[in-house]
Amino acid sequence: MATVADVQDEPGQPPALTSLSLAEAAQQAKSKEQVITPFDVSGGFDEQGKPKAIDYNKLVDTFGSQRIDKPLLERFEQVTGHKPHRMLRRGLVFSHRDLNSILDKYEKGIPFFLYTGRGPSSDSMHVGHTIPFEFTKYLQDVFDVPLVIMLTDDEKFFHTPKLSLKDVYKFSMQNAMDIIAVGFDMKKTFIFADTSFVDGGFASAFNTNVREMGKRTTINQIRGTFGFNDSNNIAEFNFPAMQSATAFATSFPFIFGTDPRKVAKIPCLIPCAIDQDPYFRQCRDNAPKMGFLKPAIIHSVFLPSLRGNESKMSASDADSSIFLSDTDNQIKKKIGKAFSGGQDTAELHREIGGRTAVDVPFQYLTFFLEDDDEIERIKVAYEKGELQSGEMKMACTKEVQAYVSGFRERRKAVTEKVREEFMRPRQLTFRGMPGERERQDARERRIRALEEELERLRGDP
């Protein structure tokens, strides 16, 4: 597996947010608040310089989102007729903006679409990357809606001095195949990489929305939201406008049609990890000024690093992550070394029990094990001292190996031809899709535009 070992997972962040190792940060400052941005994820440090777990409740208050509570889960099940995903049931998808509005529209038969993405920083994803995609697939299956997946390879290029355009494009193509292996419906899913799509013939409407968003976003807004300063390059300041444009259905007339009044009213739901929220706060602030609906957002927690729940898995740190390309033996060894909430001795563990709140193998089980009753049984047994740390790690290893093994089998079926079809701009199939007459008119306009371009090229010296 090729990775950029000497490049941070979310590199190129402004100096004020530069990520240090936990040990280095503890030496420089004994107390530090948690930092959650698209470029840096850290739970911070207490007064003794000890790393702290990420406080998701504090994030909800700081970001001004809403908690996903029991009444909302009950409404979700009532409206969709489906049991909430285990990540919803266990609070791993924990926060939202306007999810109620999406449920209201779905109940009335108003179509919407899903949008999520990935910033490709290596040519193999880890299991922490697949968690939001697995949840997104669940949403696509439950709501039967189209999905747009954006691969922000240009963002990685802008933020990472050591990465070339060739590197990030290669990573995006490999990551696309990994994402497809999650199991998305080709008829309802369009995947694109920024570096190839925005320069192609299908991105005119998309680029228009980028410009409209860029015009309405000030430098001060970007500085305040992302902590950028004069050392950041100008492409970094502009990129939020591009990530925002994907949230508008008018960016994709080949999917949603060419009637701007109709298409502008199509809502968007964005499932993402909580660190991506700053991008979409900017988007939501400016969407009404552009005549669009604010996109709804649903936030997930991070899959913890193997070292502990103070940070997330990192593609640039093989010892903190379980990659989708890891063998069963590598997975066993990594989980065997994972941070444990068990006691120092078996006797003490039997006496006072383990700490599931900090035990990484147990945390992983809450992500991967479907059976709620089994999760509760393991939790109670571990906290009572009836289940030892080694047994917890064995149970975790079994589930993660099965998850990765299933992925490997699906990945074998994803060929370059399959990837090309997912990434081909085309009409998707979904309820409320444009009528045949509208699609035919759009095709004819596209043909005329291509013919005109061909004539122009023929006339060039």
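This predicted model holds 4 cavities of 30 Å³ or more, a cavity being a set of points on a 1 Å grid where a 1.4 Å probe fits but cannot get out. A pocket is instead an open set with protein on both sides within 12 Å along at least five of seven lines, and lining residues have an atom within 4 Å of a point. Volumes are the space filled by probe spheres set on the points.

| Space | Volume | Lining |
|---|---|---|
| Largest cavity | about 560 Å³ | 32 residues |
| Second largest pocket | about 580 Å³ | 25 residues |

Gly 117, Arg 118, Ala 273, Asp 275 and Gln 276 lie nearest the centre of the largest cavity. Helix α6 provides the largest share of that cavity's lining, 5 residues.

Around the centre of the second largest pocket, the nearest residues are Tyr 56, Arg 90, Gly 91, Leu 92 and Gln 363. Here α18 gives the most, with 4 residues.

Helix α18 (residues 360–368) also meets helix α20 (residues 389–412): their axes, lines fitted to C-alpha atoms over the stretch in contact, come within 9 Å and cross at roughly 40 degrees.

Residues are numbered from 1 along each chain as its sequence is written. In this predicted model, local features need pLDDT of at least 70, side-chain atom pairs count only at pLDDT 80 or more, and totals for chains, interfaces and linings use all residues, while side-chain values use heavy atoms, without hydrogens and water.

Notes
Axes are lines fitted to C-alpha atoms, for helices over the stretch in contact, and angles run from 0 to 180 degrees between N-to-C directions. Helices (H or I, at least four residues) and strands (E, at least two) are DSSP runs, numbered from the N terminus.
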